[in-house]
Amino acid sequence: MSYPPPKYHGENGELNATYRPVTTAPEFTYANGNTVHYLATGASTNGQFGLYRWVMGPQPSGPDPHFHRSISESFFILSGSVRIYDGKRWIDTEPGDFVHVPEGGVHAFRNESGAPAEMLLHFAPGAPREAYFEGLPGLGSMTDDERAAFMLEHDTFWLS
(Lines give C-alpha, C1' and ligand atoms only; values in the text may rest on other atoms or scores of the structure.)
Protein backbone atom coordinates (compact mmCIF):
# COMPACT_ATOMS: atom_id res chain seq x y z
CA MET A 1 0.00 0.00 0.00
CA SER A 2 1.25 3.48 -0.79
CA TYR A 3 0.25 6.96 0.23
CA PRO A 4 -2.87 8.33 -1.50
CA PRO A 5 -2.55 11.19 -3.98
CA PRO A 6 -1.96 14.60 -2.37
CA LYS A 7 -5.03 16.65 -1.47
CA TYR A 8 -3.08 19.76 -0.56
CA HIS A 9 -0.96 21.34 -3.26
CA GLY A 10 0.20 24.55 -1.55
CA GLU A 11 3.79 25.44 -0.80
CA ASN A 12 3.71 26.65 2.81
CA GLY A 13 1.05 24.65 4.60
CA GLU A 14 -2.09 26.06 6.17
CA LEU A 15 -3.08 27.11 9.65
CA ASN A 16 -6.19 24.94 9.90
CA ALA A 17 -5.84 22.65 12.92
CA THR A 18 -8.75 22.36 15.34
CA TYR A 19 -8.54 22.18 19.12
CA ARG A 20 -11.16 20.80 21.47
CA PRO A 21 -10.48 21.18 25.21
CA VAL A 22 -11.36 18.22 27.43
CA THR A 23 -13.77 20.54 29.26
CA THR A 24 -16.00 20.89 26.17
CA ALA A 25 -19.54 19.76 26.99
CA PRO A 26 -20.83 16.64 25.20
CA GLU A 27 -22.93 17.21 22.11
CA PHE A 28 -25.50 14.61 23.11
CA THR A 29 -26.73 13.15 26.41
CA TYR A 30 -29.04 10.14 26.67
CA ALA A 31 -31.80 9.80 29.28
CA ASN A 32 -29.63 7.28 31.20
CA GLY A 33 -26.84 9.88 31.49
CA ASN A 34 -24.50 8.39 28.87
CA THR A 35 -22.89 11.06 26.73
CA VAL A 36 -21.34 11.36 23.28
CA HIS A 37 -18.65 13.89 22.43
CA TYR A 38 -18.35 14.62 18.69
CA LEU A 39 -14.56 14.96 18.49
CA ALA A 40 -14.31 14.82 14.68
CA THR A 41 -17.35 14.33 12.49
CA GLY A 42 -17.37 13.19 8.88
CA ALA A 43 -18.36 16.76 8.00
CA SER A 44 -15.30 18.19 9.77
CA THR A 45 -12.88 15.65 8.23
CA ASN A 46 -14.15 15.89 4.64
CA GLY A 47 -15.67 12.42 5.02
CA GLN A 48 -12.39 10.72 5.92
CA PHE A 49 -13.40 9.53 9.41
CA GLY A 50 -15.54 10.20 12.45
CA LEU A 51 -14.23 10.09 16.02
CA TYR A 52 -16.49 10.11 19.08
CA ARG A 53 -15.87 9.84 22.83
CA TRP A 54 -18.53 7.60 24.37
CA VAL A 55 -18.98 7.99 28.15
CA MET A 56 -21.10 5.35 29.89
CA GLY A 57 -22.38 5.29 33.44
CA PRO A 58 -22.41 2.15 35.58
CA GLN A 59 -25.81 0.89 34.39
CA PRO A 60 -25.83 -1.78 31.65
CA SER A 61 -26.04 -0.25 28.18
CA GLY A 62 -24.97 -0.83 24.58
CA PRO A 63 -26.22 -2.22 21.28
CA ASP A 64 -26.88 -5.85 20.35
CA PRO A 65 -24.86 -7.60 17.59
CA HIS A 66 -25.06 -5.82 14.22
CA PHE A 67 -22.93 -4.90 11.21
CA HIS A 68 -22.38 -2.05 8.76
CA ARG A 69 -22.00 -2.46 5.00
CA SER A 70 -20.19 0.80 4.23
CA ILE A 71 -18.17 1.76 7.30
CA SER A 72 -15.62 0.19 9.59
CA GLU A 73 -15.83 0.78 13.34
CA SER A 74 -13.02 0.78 15.88
CA PHE A 75 -13.03 0.95 19.67
CA PHE A 76 -10.27 2.25 21.96
CA ILE A 77 -10.94 1.86 25.67
CA LEU A 78 -10.02 4.91 27.74
CA SER A 79 -11.31 3.87 31.18
CA GLY A 80 -13.28 1.10 32.81
CA SER A 81 -14.18 -2.13 31.07
CA VAL A 82 -16.41 -2.44 28.01
CA ARG A 83 -17.53 -5.85 26.76
CA ILE A 84 -17.03 -5.93 22.99
CA TYR A 85 -18.40 -8.67 20.79
CA ASP A 86 -16.09 -9.45 17.86
CA GLY A 87 -18.54 -11.74 16.07
CA LYS A 88 -17.22 -14.86 17.83
CA ARG A 89 -16.92 -14.01 21.51
CA TRP A 90 -17.44 -11.27 24.09
CA ILE A 91 -14.16 -9.67 25.15
CA ASP A 92 -13.89 -7.90 28.52
CA THR A 93 -11.65 -4.99 27.56
CA GLU A 94 -9.56 -2.74 29.75
CA PRO A 95 -7.99 0.70 29.25
CA GLY A 96 -5.61 0.70 26.29
CA ASP A 97 -7.35 -2.17 24.47
CA PHE A 98 -8.25 -1.65 20.81
CA VAL A 99 -10.74 -3.51 18.61
CA HIS A 100 -11.15 -2.89 14.86
CA VAL A 101 -14.19 -4.17 12.94
CA PRO A 102 -13.98 -3.96 9.11
CA GLU A 103 -17.03 -3.34 6.95
CA GLY A 104 -19.47 -6.24 7.30
CA GLY A 105 -17.97 -7.40 10.60
CA VAL A 106 -20.45 -8.45 13.27
CA HIS A 107 -19.92 -6.55 16.52
CA ALA A 108 -21.59 -5.16 19.63
CA PHE A 109 -20.57 -3.45 22.84
CA ARG A 110 -21.92 -3.24 26.37
CA ASN A 111 -20.98 -1.79 29.68
CA GLU A 112 -21.88 -4.59 32.05
CA SER A 113 -19.13 -3.89 34.59
CA GLY A 114 -21.25 -2.00 37.12
CA ALA A 115 -18.76 0.89 36.90
CA PRO A 116 -18.43 3.86 34.52
CA ALA A 117 -16.52 3.29 31.29
CA GLU A 118 -15.28 5.48 28.48
CA MET A 119 -14.08 4.73 24.95
CA LEU A 120 -13.33 6.27 21.60
CA LEU A 121 -15.42 5.15 18.61
CA HIS A 122 -13.81 5.62 15.19
CA PHE A 123 -15.76 5.23 11.95
CA ALA A 124 -14.18 5.22 8.49
CA PRO A 125 -15.11 6.70 6.20
CA GLY A 126 -16.78 9.52 8.11
CA ALA A 127 -20.49 8.73 7.83
CA PRO A 128 -22.91 11.13 9.56
CA ARG A 129 -23.28 9.04 12.74
CA GLU A 130 -24.50 12.04 14.74
CA ALA A 131 -28.02 11.68 13.29
CA TYR A 132 -27.97 8.00 14.22
CA PHE A 133 -26.86 8.66 17.82
CA GLU A 134 -29.45 11.42 18.22
CA GLY A 135 -32.23 9.36 16.62
CA LEU A 136 -31.84 6.33 18.89
CA PRO A 137 -34.04 7.69 21.71
CA GLY A 138 -36.94 8.04 19.26
CA LEU A 139 -36.93 4.40 18.10
CA GLY A 140 -39.75 3.47 20.47
CA SER A 141 -42.12 6.00 18.91
CA MET A 142 -41.39 4.88 15.32
CA THR A 143 -43.49 2.45 13.35
CA ASP A 144 -41.81 -0.76 12.20
CA ASP A 145 -41.42 0.74 8.70
CA GLU A 146 -39.96 3.99 10.07
CA ARG A 147 -37.51 2.05 12.26
CA ALA A 148 -36.44 -0.11 9.31
CA ALA A 149 -35.91 2.99 7.15
CA PHE A 150 -33.92 4.66 9.94
CA MET A 151 -31.61 1.65 10.27
CA LEU A 152 -31.16 1.37 6.50
CA GLU A 153 -30.38 5.10 6.26
CA HIS A 154 -27.74 4.69 8.97
CA ASP A 155 -26.17 1.48 7.61
CA THR A 156 -27.07 -0.60 10.67
CA PHE A 157 -28.14 -4.22 10.17
CA TRP A 158 -29.18 -6.21 13.26
CA LEU A 159 -28.74 -9.92 13.63
CA SER A 160 -31.88 -11.90 14.42
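In this predicted model, strand β6 (residues 83-85) runs antiparallel to β7, and three bridges join the two strands. Within that pairing, arginine 83 has aspartate 92 in β7 as its bridge partner. Both strands belong to an open sheet of three strands, whose order is β7-β6-β9 and whose pairing is antiparallel. The edges of this sheet are formed by β7 (90-92) and β9 (108-110), each of which pairs on one side only, and from one strand to the next the twist averages 20 degrees.

Further pairings involve strand β2 (residues 35-40), which is mostly covered, with five of its six residues buried. Strand β1 (residues 28-29) pairs with β2 in the antiparallel sense, and the two form a hairpin with five residues between them, where glycine 33 in the turn has a positive phi of about 95 degrees. β2 also pairs in the antiparallel sense with strand β3 (residues 50-56). The bridges are set out below.

| Strand pair | Bridges | A bridge partner pair |
|---|---|---|
| β1 and β2 | two bridges | phenylalanine 28 and valine 36 |
| β2 and β3 | five bridges | tyrosine 38 and tyrosine 52 |
| β6 and β7 | three bridges | arginine 83 and aspartate 92 |

On the surface, Phe76, Leu78 and Phe98 form a nonpolar patch, and together these residues have about 270 Å² of accessible area. Phenylalanine 76 lies in strand β5, which spans residues 72-79. Because its relative accessibility is 33%, phenylalanine 76 counts as partly exposed, a class that lies between buried, under 20%, and exposed, over 50%.

Terms used. Residues numbered from 1 in each chain as written. Predicted model: local features only at pLDDT ≥ 70, side-chain atom pairs only at ≥ 80, totals over all residues. Heavy atoms only, no water. Patch = residues over 30% accessible without salt bridge, like charges linked within 9 Å, V, L, I, M, F, W, Y side chains within 5 Å. Areas by Shrake-Rupley, 256 points an atom, 1.4 Å probe, with all protein chains shown as cover. Salt bridge = Lys/Arg side-chain N within 4 Å of Asp/Glu carboxyl O. Helix = DSSP H or I, 4+ residues; strand = E, 2+ residues; numbered from the N terminus. Buried < 20%, exposed > 50% of the residue type's maximum accessible area, 1.4 Å probe, protein only. Pairing = 2+ DSSP bridges. Axes fitted to C-alpha atoms, helices over the stretch in contact; angles between N-to-C directions.
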